[in-house]
Amino acid sequence: MARRGFTLIETLVSLAMAAFLISGTAGLMIRAARLKIKSDILTASAGLVRDRLARLRSLSFDDPDLEEGGHGEVIADRATGRVFRVSWQVEDGSGGRKAVRLRAEPERSPERAVEARVLLDASLGF
Amino acid sequence: MGNTKGFSLVESLLSLAFSLIIILAGLELFGVSRDFFLRLRSGSEDRRAALAALDKLESDIGRAGRFLAVPVGLGLLDGLDAGEGGLKIEGAEEELALLRDIEPGQRRIEVVDASGIKIGREVVLGDGTGAQVFRVDAVEDDTFSIDPAAGAFYARETSRLFLLTRVEYALDAAAGIIRRKENGGGGQPLLESVRLFEASYDEGPNTAFARLALRTKEKKIYERHMFPKNMSRAFRK
């Protein structure tokens, strides 16, 4: 009686195909999760810049937080659970104007920072 | 007839069992990846909805006190008021061009175009020093009636008339819905599944602050400071 099972090659090929499928799906899941985290962090960085910008705009023109030079704070963002460093550099220009450069960066991945620049004018009255 | 031979019962059962295992494993893999992507999508949607609600609030707060420096300065209107019940934002929706001067005791006002005015809405009339808030109780063509009557003389050249808009935000705690009510209308749901909504306004530095959280497994809290520029003290008279 001619009995025959799978050959080693057939078994290895089928195993390789299954492994390829599983690793492809797992890789896709990992990539999607990473992209979501990256997107959340970038959104949070932009949100923190916007938040600090609103607070700086509300200050009087001669407030200590708007004095020429570097300023900064460390914030624990409760939407992402991460710690961010928010810093801003004030340049006192002529004619009652100040240029502010803001930057928010996650402590663990500073390459995902968001920057904004704003010009404050004393004549606006706020 | 050649030497033909079919599968034995044991072989058929074994192959069926193997096929079943492979199909079940495939389905499980599909299910796991589907759950994973759905969870990711749900998290993103929650986040996007919460941030969109804060954007809407910030946009409304940006209009708080717009063109209302005199009535806010005189204490006739709040402009922006935050309490435990929620948030109230008042601003000017549009300017209405007066056709003639307003005399003390006058109840009828003629404007160039009254198409945007509805009964029950409020208008604010003021010049550089005084202001009054009226309720519209009748509209006919480009003329409308106000209540109470004008309390002073308002010259057409120096006075400005604005249609007031009032937006209220409140959390319906039982249903977990933040509702946005415009000009006393029915409150439209702005955000659902809300666990926490707090808003405050600090007149000192002139900043508003909002904090909200959703009823999801992830205990995320979304916070934002906002700058109501039209509420600045420098604008009040």
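**Exercises: the contact of chains A and B**

Between chain B and chain A, 8 residue pairs are in polar contact, both residues at pLDDT 80 or more; such a contact is a pair of N or O atoms within 3.5 Å, where within protein one must be able to donate a hydrogen and the other to accept it, and residues adjacent in sequence count only if both atoms are side-chain atoms. The model is predicted, so local features need pLDDT of at least 70 and side-chain atom pairs pLDDT 80 or more, while totals for chains, interfaces and linings use all residues. Residues are numbered from 1 along each chain as its sequence is written, chains are lettered from A and ligands numbered from 1 in written order, and side-chain values use heavy atoms, without hydrogens and water.

**Exercise 1.** Find which element gives the most to the side of chain B that touches chain A.

*Solution.*
1. Helix H1 (9–62), strand S11 (207–214) and strand S12 (221–226) of chain B each give two or more residues; helices (H or I, at least four residues) and strands (E, at least two) are DSSP runs, numbered from the N terminus.
2. H1(B) gives the most, with 12 residues.

**Exercise 2.** State how many salt bridges the rule finds across the interface.

*Solution.*
1. Look for a side-chain nitrogen of Lys or Arg within 4 Å of a carboxyl oxygen of Asp or Glu.
2. Asp55(B) and Arg50(A) form one, with the closest N and O atoms 3.1 Å apart.
3. The rule finds 4 salt bridges between chain B and chain A.

**Exercise 3.** State how many residues each chain brings to the contact.

*Solution.*
1. Contact means heavy atoms within 4.5 Å.
2. Chain B brings 30 residues and chain A 24 residues.
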